[in-house]
Amino acid sequence: MVRFENVEIRYRGKEAILTDVSFDLGEGNFHFLTGKSGAGKSSLLKAIYMGIFPSEGKINLFGRDISSITKKEIPEIRRRMGIVFQDFRLINNLTVRENVALPLRIFGTKGSIIRRHVPELLEWVGLGDHLDDLPTSLSGGQQQRVAIARAVIARPVLLLADEPTGNVDDTIADRLLYLFKELHRTGTNILIATHNENLIKKFDYPVLRIEDRKLLFSD
Amino acid sequence: MRIFKLAGSNFFLGWIMTSMIYLALLAVLFSTVSTLSFDKWRSATQDLVTIHVPNPTERIASDDGATRLDETLKILRAFPDIESVTVLEKNDIERLIYPLVEKDILKNILLPALIEIRLNRSDILPDLNTSIKNLSTEIFIDNHAELFLPDAKTFSGAKKLFSVIVSLTLFVAMISVIFAVYSGLAINRETIQVVHLVGAKNGFIARTFQKHVLKVLGFSSACGTALAMGTFFILDRLLKVAFFGDVEIDIFKQINLWDWIIFMLVPVSYALLGIIVAGLSVLILLRKQN
């Protein structure tokens, strides 16, 4: 589903962040992506959701080489992904409910389905009482859960999460991980970037580790 | 669901669009009323000529001692393709001249006789002129259509001016829509990025902007139309009372259903064009940004 072949990632005019990265995430995977702060975890995720294109090498997403993908095709591919951003990227003038409903609205889902599913999911992530609140009135942890709910509401094939438990306590972190596990069980492939070693140890999933701009595999 | 923050540009756009629609409606109304008045005036004076007979009572050197006026009438009645011949009464002539000349002066002036004739065909005028000039070179014909020619040019010029005004308002309105879209995209840059990452196509963003623009333009159209109607009403009253006294000038009476339809199409077309321009601007600007 996601295949990197000798990929190099660099921002314009700067030194390469990742070099010679090769890996293959097939169907039914749940991986942690770890590494020190600034190691390039977010950049690797960014390359997967086509926020940045590789300076060298090949990236293959859902059977398509991204260098041959047209601009018009990018949204179609992104629709198969759910992304949890490190800085949440919630839309501050939309309520919690509207933020979570956004992907469904974009995909043209029926209003009745949106009205049923969104409160259910928000209840599940512990924000049932904040449906009509604006993100700015929520704590960092609550905003993170809204971001997660938005990423998973459309049942993506691939979920990319950048430090999804960075702003929540251990109890909520465990709960979110169980949500991811549940999603994985129902067929969503998951790649979580985190530097929370405790979490990695607690949930026994394969780990992709970035060290010295290279990607290493460890179990 | 207000995904984008557009309150600032909406306020700006709302005011501009209201003003432009108001101006356009005024221009359309003035154009319509002046065209209708012109047509009415032209149809009333078509094929109408006035013959001036100076010294009408002067005897012509003939056997029966007929006057110059009698001889002129004799020619006119014998002439083919003349529909009607009306000799204006002295009172009518005085009433025509009165605003220009004092009544006392009129007593001392020997007024010419005026004969108003309506022709079936206007191409007989040269022959008619020759026949009358044979009688006396002092008698002459006033062709109303010819007299009306400079006024026709003025009306035509005014109509063009109103068209230019409408075009300019439309231009300003559409530029404002583009500007509002441009600033809206700049302000919502981060949100647009998120929406793109969630999987939205440019078309979704364009439609969202169009919905915003539709709301603003709908409101502006209603306000602009209401203001224009208010202005027409005031003008109608002013024209009736202040300027023309007992002469009936009724703007609303002159405008028929078809004119009203054209009139109402102005705000509707501004709104529709605005939506199309907004959508296209979003698509073009996003394509440039990507």
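What is the mean pLDDT of chain A, and what percentage of its residues reach 70 or more? I began with this point, as the model is a predicted one. The mean pLDDT of chain A is 91, and 99% of its residues reach 70 or more.

**Entry 1: confidence by element, chain A**

I then compared the elements of chain A. The lowest mean pLDDT, 80, belongs to strand β10 (residues 214-218) of chain A, and the highest, 96, to helix α3 (residues 96-107) of chain A.

**Entry 2: an open sheet in chain A**

I traced an open sheet of four strands in chain A and noted the order β2-β1-β4-β5, with antiparallel pairing. At the edges stand β2 (16-25) and β5 (64-65) of chain A; each has a single partner strand, so one side of each is left without a neighbour in the sheet. Strand β1 (residues 2-10) and strand β4 (residues 56-61) of chain A run antiparallel and are joined by five bridges. Within β4(A), I found Ile59(A) standing opposite Phe4(A). I also looked up the helix on these strands: helix α1 (residues 41-48) of chain A lies across β1, β2 and β4 of chain A and runs at about 120 degrees to β1(A).

**Entry 3: strand β3 of chain A**

Is strand β3 (residues 30-35) of chain A largely enclosed or largely open? I recorded that five of its six residues are buried, so β3(A) is largely enclosed by the rest of the structure. I next looked for its partners. With strand β8 (residues 189-193) of chain A, β3(A) pairs in the parallel sense over four bridges; here Phe30(A) has Ile190(A) as its bridge partner. Strand β9 (residues 207-211) of chain A also runs parallel to β3(A), joined by four bridges, and in β9(A) the bridge partner of Gly35(A) is Ile210(A).

**Entry 4: an open sheet in chain B**

I turned to chain B and found four strands in an open sheet, ordered β2-β3-β1-β4, with antiparallel pairing. Its edge strands are β2 (82-87) and β4 (140-143) of chain B; each has a single partner strand, so one side of each is left without a neighbour in the sheet. From one strand to the next, the twist averages 25 degrees. I counted four bridges between β1(B) and β4(B), which run antiparallel; His52(B) has Phe140(B) in β4(B) as its bridge partner. Helix α5(B) packs on the sheet, where it touches β1 and β4 of chain B, and its direction makes about 155 degrees with that of β4(B).

Which residues of helix α2 (residues 68-78) of chain B are buried? I noted Arg68(B), Leu69(B), Glu71(B) and Thr72(B). They cover an arc of only 165 degrees around the axis, which puts them on the same side of α2(B). The buried residues of α2(B) pack against β1 (48-53), β3 (113-119) and α5 (125-135) of chain B. On the face turned away from this buried side I found the exposed residues Lys74(B), Arg77(B) and Ala78(B).

**Entry 5: the contact of chains A and B**

I looked up how the chains meet: the contact takes 17 residues from chain A and 14 residues from chain B. Helix α8 (residues 189-198) of chain B supplies five residues, the largest share of the side of chain B that touches chain A. That side of chain B divides into eight nonpolar, three polar and three charged residues.

**Entry 6: Gln193(B)**

I placed Gln193(B) in helix α8 of chain B. Gln193(B) has 13 other C-beta atoms within 10 Å, so I recorded this residue as partly exposed. Gln193(B) and Pro112(B) lie 81 residues apart in sequence and 86 Å apart in space, C-alpha to C-alpha.

Terms used. Residues numbered from 1 in each chain as written. Chains lettered and ligands numbered in written order. Predicted model: local features only at pLDDT ≥ 70, side-chain atom pairs only at ≥ 80, totals over all residues. Contact = placed C-beta atoms within 7 Å. Helix = DSSP H or I, 4+ residues; strand = E, 2+ residues; numbered from the N terminus. Nonpolar A, V, L, I, M, F, W, Y, C, P; charged D, E, K, R; others polar. pLDDT = per-residue confidence, 0-100. Buried ≥ 20, exposed ≤ 12 C-beta atoms within 10 Å, placed from the backbone. Arc of directions from axis to C-beta. Pairing = 2+ DSSP bridges. Axes fitted to C-alpha atoms, helices over the stretch in contact; angles between N-to-C directions.
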